[in-house]
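Please keep the sequence and the 3D view open while reading.

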Amino acid sequence: MEGWTASSLLCLLAVRLFCGAAGVTECHDRALDIQAVEGSNVTVEWCFSSRANISISSLKIHCLMDPELKVFYHLDDIVRMDKEPPHEQFAGRVQCDKDALRTGRVQLHLSRVQMNDSGRYRCRMFTGSGRKVKPFSLSITAVDEPKPLTPEPEPEPEPEPESRGRPGLYAGLGLAAVAAVVLALCRCLYIHKWKLLKLHQELHPEELHL
């Protein structure tokens with residue numbers, strides 16, 4: 001059993017080496033579900049033939065976006081009046097690698113993907129040896145927008161420090177008020193004393209001759 005397994009591996013390795021030397025491409029068919037971020041570039045690639053040195057003039061590729069039937073990409077070297085140009089949504093954004101086509105691979109480069117590029121696509125390929133249909137899908141997500149910075153609350157204005165001369169001003173006003181009251185009292189006492197003296201002189205004039 002082990003000998004048979006080793007022989008099988010050797011045979012498989014020999015086949016791969018032969019294919020590589022002959023320029024034959026291994027063709028693995030797998031589902032294509034491409035995810036990308038808005039504004040980036042993506043490449044849709046699949047294998048349609050295991051033969052090498054394929055003539056591009058014998059190829060016809062027609063890719064549509066389902067279900068809108070927008071032309072995603074069209075390749076047909078034959079000049080035809082009914083040749084469909086790409087839809088305006090994809091105009092100038094889809095490029096095909098012609099060198100990859102000669103090796104049996106399709107490489108479609110879509111630049112600057114948009115949110116409305118999300119959806120299902122279907123490509124039909126026609127060659128001299130047959131035809132093939134390849135579906136794929138694109139899932140485009142929006143770029144994370146930076147969150148707006150929350151403005152820091154402005155610090156409350158500090159109360160203005162009282163002027164250094166203000167306490168002295170208050171003290172000066174207080175002393176002036178006290179002085180005014182004292183002067184007023186002194187004046188009242190003086191007037192009152194003068195009136196008493198005058199009254200006493202009028203009542204006792206004889207004392208003036210003593």
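The sections below describe a predicted model, beginning with the strand pairings.

## The three-stranded sheet

Three strands make an open sheet in the order β2-β6-β5, and their pairing is antiparallel. The edge positions belong to β2 (42-47) and β5 (94-96); each has a single partner strand, so one side of each has no neighbour in the sheet. From one strand to the next, the twist averages 20 degrees.

β6 covers residues 105-110 and pairs with β5 through three bridges in the antiparallel sense. C96 has L108 in β6 as its bridge partner.

β3 and β7 run antiparallel and are joined by seven bridges. Within this pairing, I61 is opposite M125 of β7.

β7 also pairs with β8, in the antiparallel sense and over nine bridges. These two strands, β7 and β8, form a hairpin with two residues between them. The bridge partner of R120 is S137, in β8.

## Cysteines

How many disulfides does a search of the whole structure find? The search finds one. It is formed by C63 and C123, whose sulfur atoms are 1.9 Å apart. The torsion about the S-S bond is about 115 degrees, which means that the disulfide is right-handed. C63 and C123 are both buried.

## The nonpolar core

The largest nonpolar core has 30 residues, of which W46, F72, Y73, L101, L108 and F136 touch the most other members. At least two residues of this core come from each of β1 (33-37), β2, β3, β4 (70-76), β5, β6, β7 and β8 (130-141).

Which residues does F72 touch, leaving aside those up to four places away in sequence? They are C63, L64, P86, F90, V94, L108, L110, Y121 and F136. Among these contacts of F72 is C63, the residue that forms the disulfide with C123.

Note on methods: Residues are numbered from 1 along each chain as its sequence is written. This is a predicted model: local features need pLDDT of at least 70, side-chain atom pairs count only at pLDDT 80 or more; totals for chains, interfaces and linings use all residues. Side-chain values use heavy atoms; hydrogens and water are left out. Two strands pair if DSSP finds at least two bridges between them. Helices (H or I, at least four residues) and strands (E, at least two) are DSSP runs, numbered from the N terminus. Axes are lines fitted to C-alpha atoms, for helices over the stretch in contact, and angles run from 0 to 180 degrees between N-to-C directions. A disulfide is a pair of cysteine sulfur atoms within 2.5 Å. Buried means under 20% relative accessible area, exposed over 50%, partly exposed in between (1.4 Å probe, protein chains only). A nonpolar core is a set of buried Ala, Val, Leu, Ile, Met, Phe, Trp, Tyr and Cys residues joined through side-chain atoms within 4.5 Å. Contact means heavy atoms within 4.5 Å.
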